[in-house]
Amino acid sequence: MSSLEQVLGERLARRRAQGLWREPQVVSDVQGPRQTVDGQSLRAFCANDYLGLASHPLLREALVEGVHRHGVGAGAAHLVNGHFTAHEVLERALAEFTGRERALLFSTGYMANLAVLAVLAGRHDRVFQDRWNHASLIDAGQACGARVFRYRHADTDHLAERLAQAEGQSGARLIVTDGVFSMDGDLAPLRDLADLAVRHDAWLVVDDAHGFGVLGRSGRGTVDHFGLAPNRVPVVIGTLGKAFGTAGAFVAGSSRLIEALIQFGRPYVYTTAQPPALAHATLAALNLLRGEEGDRRRDHLATLVARFRAGAAGIGLSLMPSETPIQPVLLGSPERALAWSGALRARGFLVPAIRPPTVPEGTARLRVTLSAGQAPQDVDDLLAALAQLQNGVD
Ligand SMILES: *Cc1c(COP(=O)(O)O)cnc(C)c1O
């Protein structure tokens, strides 16, 4: 065997032995509350399709319409000849939706975050990250070469201390946070972060992957939820694969910010534009999500969240202080989280176990997410299964 094969074989064997092995399961129908996963029909409580739009008839139609108009592939990067009417119209609509001068599309949220940090920070700058920020922000912070300080989760005193230490130093300062934290479902203390940013002449960057579509008036996100004017958060990132139900991401902000991303953002420049038909479908998602149907879906989702929290508290489960559709059930050890996830699977529910290092030691959990596509009965049935596990039935 070649040494490459041997080295990889050893690493993989170690991974398996640590109980950290992961593999994709095959879904043979659609994203939704009921799915066929590896041939088994399951009720899924794990997607980020919070409004149930991923397989919505209007989005499917819009995608097909987009294909008729623009074909399938973009065929080139945005700055060559891959920037289509559908991209342009969607960018304008996203700018208006977020109350900003401009918005720019990216192929994925991961790439948007790489571009934002690379363009705004370099070797002589400082990036302050919430310790529990999404992996893509952490990676982007490393990749941009800036000095990175990770402050304790949502701890603005700790951040203030770190910022004070950097006082008087040259270079830019970026405060970078998730709007809604993806593993806990709690919100960043955005008002305090915005105040700190002003006091320390720092730029506040908010990745609102889980806030757009769900929080704020008409789904305008976490910034709107806190009643902050858009200029208090000069850089926002949204992803389109979650509540929007499609794929891709955007950055919104001032004309200058967007122009800088276009001129200097390598993950924007050196990649093929997302399929224009997809942008056309995302426009349909945006129109749906900010209209009456969006409000109805958000109201329904809120009742499911309240129902789940009340029911879970009633059976003595340990929840986290989350008002969003991300509702983790804390179980402690990785073994316990895996056992519960397996027992739920045997009962027809798909709920993933999240273990360290994704979450801190001792906080392994089930990550339950709710979606407007679900019925109250789905939540009740999941609660009944969780009650059995809580009572030691497996
Ligand atoms: C999902 C997610 C991303 C990555 O977005 P993709 O479009 O899936 O690459 C970035 N940030 C946060 C907070 C996310 O939850």
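1. Ser218 is placed in the loop between S7 and H9. Helices (H or I, at least four residues) and strands (E, at least two) are DSSP runs, numbered from the N terminus. The phi angle of Ser218 is near 55°, a positive value in a residue other than glycine. The model is predicted, so that local features need pLDDT of at least 70 and side-chain atom pairs count only at pLDDT 80 or more, while totals for chains, interfaces and linings use all residues. Residues are numbered from 1 along each chain as its sequence is written, and side-chain values use heavy atoms, with hydrogens and water left out.

2. Gly219 belongs to the loop between strand S7 (203-207) and helix H9 (222-225). Is Gly219 buried or exposed? Gly219 is buried, its relative accessible area being 0%. Here buried means under 20% relative accessible area, exposed over 50%, and partly exposed in between (1.4 Å probe, protein chains only). Arg150 is 69 residues from Gly219 along the chain, and 29 Å separates their C-alpha atoms.

3. Asp201 also has a positive phi, of about 50°, although it is not a glycine. Asp201 sits in the loop between helix H8 (190-199) and S7. With a relative accessible area of 59%, Asp201 is exposed.

4. The ligand comes next. It is surrounded by 13 residues, and the closest are Gly109, Tyr110, Asp207, His210 and Lys242. A residue is near a molecule or strand if one of its heavy atoms lies within 4 Å of it. The shell around the ligand consists of two nonpolar, eight polar and three charged residues. In this division Ala, Val, Leu, Ile, Met, Phe, Trp, Tyr, Cys and Pro count as nonpolar, Asp, Glu, Lys and Arg as charged, and the others, Gly among them, as polar. Which helix gives the most to the shell around the ligand? Helix H5 (residues 109-120) does, with three residues.

5. Several atom pairs between protein and ligand can be listed. A polar contact is a pair of N or O atoms within 3.5 Å; within protein, one must be able to donate a hydrogen and the other to accept it, and residues adjacent in sequence count only if both atoms are side-chain atoms. A polar side-chain atom of Lys242 is 2.6 Å from an oxygen atom of the ligand. For Gly109, a backbone N or O atom lies 2.7 Å from an oxygen atom of the ligand. His134 places a polar side-chain atom 3.5 Å from a nitrogen atom of the ligand. The ligand taken alone exposes 380 Å², and the protein buries 81% of that. Accessible areas come from the Shrake-Rupley method with a 1.4 Å probe; for residues, only the protein chains shown count as cover.

6. Helix H14 (residues 334-346) contains 13 residues and reaches 18 Å from its first C-alpha to its last, close to the 18 Å expected at 1.5 Å a residue. The expected span of a helix is 1.5 Å times one less than its number of residues. Which residues of H14 are buried? They are Ala337, Trp340, Ser341, Ala343 and Leu344. These residues lie on the same side of H14 because they cover an arc of only 165° around the axis. The arc is that of the directions from the helix axis to the C-beta atoms. An α-helix has 3.6 residues a turn, so residues three or four places apart point the same way. On the other side of H14, Glu335 and Ala346 are exposed.

7. His87 is located in helix H4 (residues 85-98) and counts as buried at 0% relative accessibility. Its side chain reaches the backbone oxygen of Gln274 at 2.7 Å.

8. Gly248 is in the loop between strand S8 (235-239) and S9, and it is buried, with a relative accessible area of 9%. Gly248 and Pro275 are 27 residues apart in sequence, while their C-alpha atoms are 9.8 Å apart in space. Ala249 lies in strand S9 (residues 249-253) and counts as buried at 0% relative accessibility. Ala249 is 137 residues from Ala112 in sequence and 6.7 Å from it in space, C-alpha to C-alpha.

9. The peptide bond from Pro356 to Pro357 is cis, with omega near 10°. Pro357 lies in the loop between strand S12 (353-354) and strand S13 (364-369).
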